[in-house]
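Work through the exercises below with the sequence and the coordinates at hand. Each task is followed by a solution in steps.

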Amino acid sequence: MQQIINFIIRNKTFLLFLLLFSVSILFTIQSHSYHKSKFINSANFLTGGVYNTVNNISVYFDLKSQNQILSEENNRLKSLLYNSENKNDSTYIDSVSFNAQYRFTSANIIRNSYTAADNILLVNKGKNDSIKQDFGVITSKGILGIINETSNNYATVISILNTTNSISAKLKKTNHFGSLTWNAKDPSIAQLVDIAKIARIEIGDTIVTSGLSSIFPKNIPVGTVEEFKLDDAENYYEIEVKLFNDMTSVEHVYIIENIDAKEITNLLNPN
Amino acid sequence: MNSSISFQTIRFFTLVLIQVLICNQINFLGYINPYIYILFIILYPTKNNRALFIFLSFLLGLTIDLFLDSGGIHAAASVFIAYARPILLRSAFGVQYENYAVKFNTIEFGSKLTYITFLTLIHHIILFSLEIFSISKIILVFQKTLFSSIFTILLCTLITIIFSRKTK
């Protein structure tokens, strides 16, 4: 017993180092598995508050370009509204229309990140605005990510530029679907994998969300095909997708709640 | 003694804020950011309580992780260089360190640069290998380590030169 205590006292720095190092490795491993970063996330009042304060100032610097983007979107929506021929299959139903499946909440990005391998953004809406885990996040141009952790006033978003993320997407032309991933290299290019070999692809084809995952509605734009090749086993295509969104400059986003999500998951997992 | 504690506290918080609010927004050439918060570990007094120093480094890394949503990668890298620091100090400064005579304001430039370089390289290699966490992307790890290290070393050296004049 005496020797054990002596050993601990003698090596106390090394043991402390080992303890703290393994704690940090544990946090790291947790953060690499999807939806597990429970303790260390920036959606708390301290870091969220700091980012919010700074964002309140820095938001003025690109007011002009963000206004431009918003007015372009208004323009697009107006033309959609006045040119529609009573199509009922549109999924962009506004929350005011009765029995809508999707509810939209607008929010602002207060921290953007696109340089790391696992990028996580922070938005200024949280539990108080009934934002929960697994809600989708889009911008006017396309898909952005999925809500991960929420606090009262803030929520973290797993960006599509995150190696742990994988979103179901399809070719708009042929409806062949695969999963959208990211290889941590270029923030303007994502990878669409597992597209069946039978699909006919051309450079410039549009990629949209497939609507198979109950997080995103169908047909939200993702990007265009930049390059494609067969994978090593030559059974599936690997497509380089040029994203519509400029991930380095996002400000106004929409959070999508699928009101039927619970029903769908209950149906799929009866237990 | 008390002034030293308050000085270190101020340095801790200033470096954290500069890191998360300025340095992580630089994104030079798309992905290159300096990690200057390790200046706290570089410049911590050499005559210290080692356990406390390692714990403070862990706290520093964890605070950065909290802001950057990066799990525990900064904490791991910081703890590691805090533990490895005496070895590097000995190899960079030799006898001077053995006599506890290392004052960061007075040491010569060459050995200071070696010391900062080694500490930064070790820190960044742990940081990026944990961040990317995949052996198949080892080239990307080295690429990020190299470019960010150059940036970090340059900034850290400049900051130590600029601020050492005032404290004389």
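A salt bridge is a side-chain nitrogen of Lys or Arg within 4 Å of a carboxyl oxygen of Asp or Glu. The model is predicted.

**Exercise 1.** Find what joins the side chains of Lys173(A) and Asp205(A), and state where each residue lies.

Solution. 
- Step 1. The N to O distance is 3.4 Å. The cut-off is 4 Å, so the pair counts as a salt bridge.
- Step 2. Lys173(A) is in the loop between strand 6 (167-171) and strand 7 (177-181) of chain A, and Asp205(A) is in the loop between strand 8 (189-196) and strand 9 (206-209) of chain A. The two residues are 32 apart, and their pair links distant parts of the chain.
- Step 3. Lys173(A) is exposed, at 53% relative accessible area, whereas Asp205(A) is buried, at 12%.

**Exercise 2.** Describe the salt bridges Glu257(A)–Arg103(A) and Lys229(A)–Glu238(A).

Solution. 
- Step 1. Between Glu257(A) and Arg103(A) the N to O distance is 2.6 Å. This pair also links distant parts of the chain: Glu257(A) belongs to strand 12 (residues 252-258) and Arg103(A) to strand 1 (residues 102-111) of chain A, 154 residues apart.
- Step 2. Glu257(A) is buried, with a relative accessible area of 14%; Arg103(A), with 37%, is partly exposed.
- Step 3. In the pair of Lys229(A) and Glu238(A), the closest N and O atoms are 3.2 Å apart. Lys229(A) is partly exposed at 48%, and Glu238(A) is partly exposed at 31%.
- Step 4. Over all chains, the structure holds five salt bridges.

**Exercise 3.** Characterise the interface between chain B and chain A: how much area is buried, and which residues and helices of chain B take part?

Solution. 
- Step 1. The contact involves 34 residues of chain B and 35 residues of chain A.
- Step 2. About 3,000 Å² is buried between the chains, and carbon and sulfur atoms give 72% of this area. On the chain B side, Leu66(B), Phe67(B) and Asp69(B) lose the most area to chain A, together 23% of what that side buries.
- Step 3. One salt bridge is counted between the two chains. Arg111(A) forms it with Asp69(B), with the closest N and O atoms 3.1 Å apart. Six residue pairs are in polar contact.
- Step 4. Helix 1 (2-21), helix 3 (50-68), helix 4 (73-93), helix 6 (109-132) and helix 7 (138-166) of chain B each supply at least two residues of the side that touches chain A. Helix 3 of chain B gives the largest share, ten residues.
- Step 5. By class, this side of chain B has 22 nonpolar, six polar and six charged residues.

**Exercise 4.** Is Val225(A) buried or exposed, and which residues are in contact with Val225(A)?

Solution. 
- Step 1. Val225(A) lies in strand 10 (residues 221-230) of chain A.
- Step 2. The relative accessible area of Val225(A) is 2%, so this residue is buried.
- Step 3. Leaving aside neighbours within four places in sequence, the contacts of Val225(A) include Leu171(A), Ile201(A), Ile203(A), Asp205(A) and Ile239(A).

Methods:
Residues are numbered from 1 along each chain as its sequence is written. Chains are lettered from A and ligands numbered from 1 in the order in which they are written. This is a predicted model: local features need pLDDT of at least 70, side-chain atom pairs count only at pLDDT 80 or more; totals for chains, interfaces and linings use all residues. Side-chain values use heavy atoms; hydrogens and water are left out. Contact means heavy atoms within 4.5 Å. Buried area is the accessible area (1.4 Å probe) that two parts lose on being put together, summed over both. A polar contact is a pair of N or O atoms within 3.5 Å; within protein, one must be able to donate a hydrogen and the other to accept it, and residues adjacent in sequence count only if both atoms are side-chain atoms. Helices (H or I, at least four residues) and strands (E, at least two) are DSSP runs, numbered from the N terminus. Ala, Val, Leu, Ile, Met, Phe, Trp, Tyr, Cys and Pro count as nonpolar, Asp, Glu, Lys and Arg as charged, and the others, Gly among them, as polar. Buried means under 20% relative accessible area, exposed over 50%, partly exposed in between (1.4 Å probe, protein chains only).
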